[in-house]
Amino acid sequence: MKDVLKLISDEMERLNIPYTFNGWDSEQEIPKFIGDITEVKNPYEDGKNEYSFNLTGFGQTYDQLYSYADALKKEYKNSKLVDGMVITYENTDNIPNNSEDLKQIQINFNIKNWRLWNYESR
């Protein structure tokens with residue numbers, strides 16, 4: 001999973017998305033996107049690893065947040081192969097909250113990679 005998290009971090013940096021994984025530092029400015037990842041159970045022995053990756057965006061306006069969502073959708077809507085992993089944009093959800101100053105959205109991705117078994121090393 002560490003290789004997936006590294007890939008995501010590199011991609012967010014490349015796309016100039018203000019990103020951190022699984023946490024909020026009170027000194028961070030907004031807009032900010034916080035990621036979290038869940039491994040999807042695979043009942044087959046095909047070597048596939050699959051992950052659900054979510055970015056929760058915090059910003060002052062929805063317009064600001066959706067500009068990032070549009071860039072990510074454009075980049076990954078048709079799936080993209082990066083370092084042997086397939087990243088696919090799934091959807092973006094508005095997250096209602098009671099704050100007038102802080103808006104939220106969630107952008108969802110699917111990430112898959114396959115590892116080939118080396119039977120000689122078994």
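How much space lies in the largest cavity? The largest cavity holds about 50 Å³, where a cavity is a set of points on a 1 Å grid over the protein atoms alone at which a 1.4 Å probe fits but cannot get out; its volume is the space filled by probe spheres set on those points, joined across faces, edges and corners. This is a predicted model, in which local features need pLDDT of at least 70, side-chain atom pairs count only at pLDDT 80 or more, and totals for chains, interfaces and linings use all residues. Residues are numbered from 1 along each chain as its sequence is written, and side-chain values use heavy atoms, without hydrogens and water.

The lining (residues with an atom within 4 Å of a point) comprises Ile 8, Glu 11, Met 12, Phe 53, Tyr 76, Ile 87, Phe 109 and Ile 111. Helix α1 gives the most to this lining, with three residues.

Helices (H or I, at least four residues) and strands (E, at least two) are DSSP runs numbered from the N terminus. Six strands form an open sheet in the order β1-β2-β3-β6-β5-β4, with mixed pairing; two strands pair if DSSP finds at least two bridges between them. The edge strands, each pairing on one side only, are β1 (19-21) and β4 (80-82). Strands β2 (residues 32-40) and β3 (residues 48-59) run antiparallel and are joined by nine bridges; Thr 56 in β3 is the bridge partner of Ile 34.

Helix α1 (residues 2-14) packs on the sheet, touching β1, β2, β3, β4, β5 (85-95) and β6 (103-114), with contact meaning heavy atoms within 4.5 Å.

Note on methods. Axes are lines fitted to C-alpha atoms, for helices over the stretch in contact, and angles run from 0 to 180 degrees between N-to-C directions. On a 1 Å grid over the protein atoms alone, a cavity is a set of points where a 1.4 Å probe fits but cannot get out, and a pocket is an open set with protein on both sides within 12 Å along at least five of seven lines; lining residues have an atom within 4 Å of a point.
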